[in-house]
Amino acid sequence: MQPATMKYKSQGVAKYYFVAALALFVGQIVFGISLGLQYVIGDFLFPYIPFNQARMVHTNLLIVWLLFGFMGSAYYLVPEESETELWSPKLALALFWIFLVAGALTIVGYLAVPYAKLAELTGNELLQTMGREFLEQPLPTKVGIVIVALGFLLNIAMTVLKGRKTSITLVLLMGLTGLALLFLFSFYNPKNLVQDKMAWWWVVHLWVEGVWELILASLLAFVLIKTTGVDREVIDKWMYLIIAMALITGILGTGHHYYFIGLPGYWQWIGSVFSALEPIPFFMMTVFAFNMVQRRRREHPNQAAVLWAVGTSVLGFLGAGLWGFIHTLSPVNYYTHGTQVTAAHGHLAFYGAYVLVVITMISYAMPIMRGREANPKRAQSVEMWSFWIMTLGMAVMVLALTGAGILQVWLQRLPTSGALGFMATQDQLAFFYWLRIAGGLGFLVGLITYLASFFVGETAAERAAVGAGAGPLASPASPVRGA
């Protein structure tokens, strides 16, 4: 493969974040499989890792490793887009270690100490913020997240201000600013349950269906510019359309969480209409990615990164768009909210929209940080296999959860009389839960395959060809040509 170097030395800090993200990703999947087993083997790992602890670890690792991925992607992308070194590489490294240590101590706390005791030990009585789903972090961890987020935002903003301004960096900066500011609502924990749920959704929904979508769009646009050679102006126009629709539908679509928590009835209309429009920006993203690849001006040697990028757009549309739409209207959501249908949507949406875009950035940037424009052909083949194995495993999981959710609604939610109780219904879903475990194990195999691709080197023929001055080898056939 053709040698390559980073344009700016400070981009190298991204490698720390990428390695940590992938390590935490493995942990998240392992805990996810253990949770799946606890659905069908009730005392699995009990009393050492009860269900509530495993679930906290699984969901918190998801959030933390994606944040590591976003931060690493920004540290790689922004210097290159701004045409200047990172404002403070030392600050980036310091924040990395603070975030990593804080995250590790929090996970150890979840596993080693009963949650009520952990709240007592970490000063929760000073400012009660614990006990809410996805926001279970102790007060010191939440404060640490704010410090890391603001320090990170300062570093990125100062780099953008001193260098070239592009639409990609400005959209990314908007998304990162929203990420940091919206997390502050996690400190607001009113006694009124309706107000509590409103503030909770301002963090959870407006992250994943609002500002994170801006981050997604900017990262995807950057990789497509680099791998297709399409004019920046064309990609900019697409990106502006996508983020405008994402913000309009995402902000007002928050109403689909307000249906039944004590807010006025008009939220049923607002939430239904605008959340039903949320698939549009994801469909636009799919059309955008395929359009850019078809109009490409070059065959980039890193075809694995192109596959991850196109996969992001397609699976993001399926998970966040289609699977979100099937249960977003209030008459449907009345029955499906909190069932396995919600779990199916959540798993596919996170995988398609955010997991894949982080892996897209890693796939594109890591070879360059290792001194080559792209991984060897054989390594890319392994990497492409990992995409299909992980995607197939996720498909099995999502279809199993969808089937379980439909049956759960039929047995537990729909009947006006004779409905089964929660635990009796769970017994009827065992077949689907075993299928989910099979899909999870397949996903883990795909992830291990992906990690293995980092250790696959060139063949003897490839080394001989490069040594003989043959230049870069022919890249593998585009996985999306003719699609």
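**Overview. Salt bridges in a predicted model.** The count comes to 7 salt bridges in this predicted model. Side chains of opposite charge can pair when their charged atoms come close.

**View 1. R232 pairs with E81.** The closest N and O atoms of this salt bridge are 2.8 Å apart. R232 belongs to helix α8 (residues 232-252), while E81 belongs to helix α2. The two residues are 151 residues apart, so the pair links distant parts of the chain. E81 is buried, with a relative accessible area of 0%. R232 is partly exposed, at 21%.

**View 2. S82 sits in helix α2.** This helix spans residues 51-82. Is S82 buried or exposed? S82 counts as buried because its relative accessibility is 1%, and the cut-off for buried is under 20%. Leaving aside neighbours within four places in sequence, S82 is in contact with T159, V160, G163, R164 and T169.

**View 3. E83 pairs with R164.** In this salt bridge, the closest N and O atoms are 3.8 Å apart. E83 lies in the loop between α2 and α3 (89-112). R164 lies in the loop between α5 (139-162) and α6 (167-182). The pair therefore ties together parts that are 81 residues apart in sequence. E83 is partly exposed at 47% relative accessible area, and R164 is partly exposed at 31%.

**View 4. D196 meets R132.** Their side chains form a salt bridge, 2.9 Å from N to O. D196 is in helix α7 (residues 193-228). R132 is in the loop between α4 (115-121) and α5, 64 residues apart from D196. D196 is buried, with a relative accessible area of 9%. R132 is buried too, at 7%.

Notes. Residues numbered from 1 in each chain as written. Predicted model: local features only at pLDDT ≥ 70, side-chain atom pairs only at ≥ 80, totals over all residues. Heavy atoms only, no water. Helix = DSSP H or I, 4+ residues; strand = E, 2+ residues; numbered from the N terminus. Buried < 20%, exposed > 50% of the residue type's maximum accessible area, 1.4 Å probe, protein only. Contact = heavy atoms within 4.5 Å. Salt bridge = Lys/Arg side-chain N within 4 Å of Asp/Glu carboxyl O.
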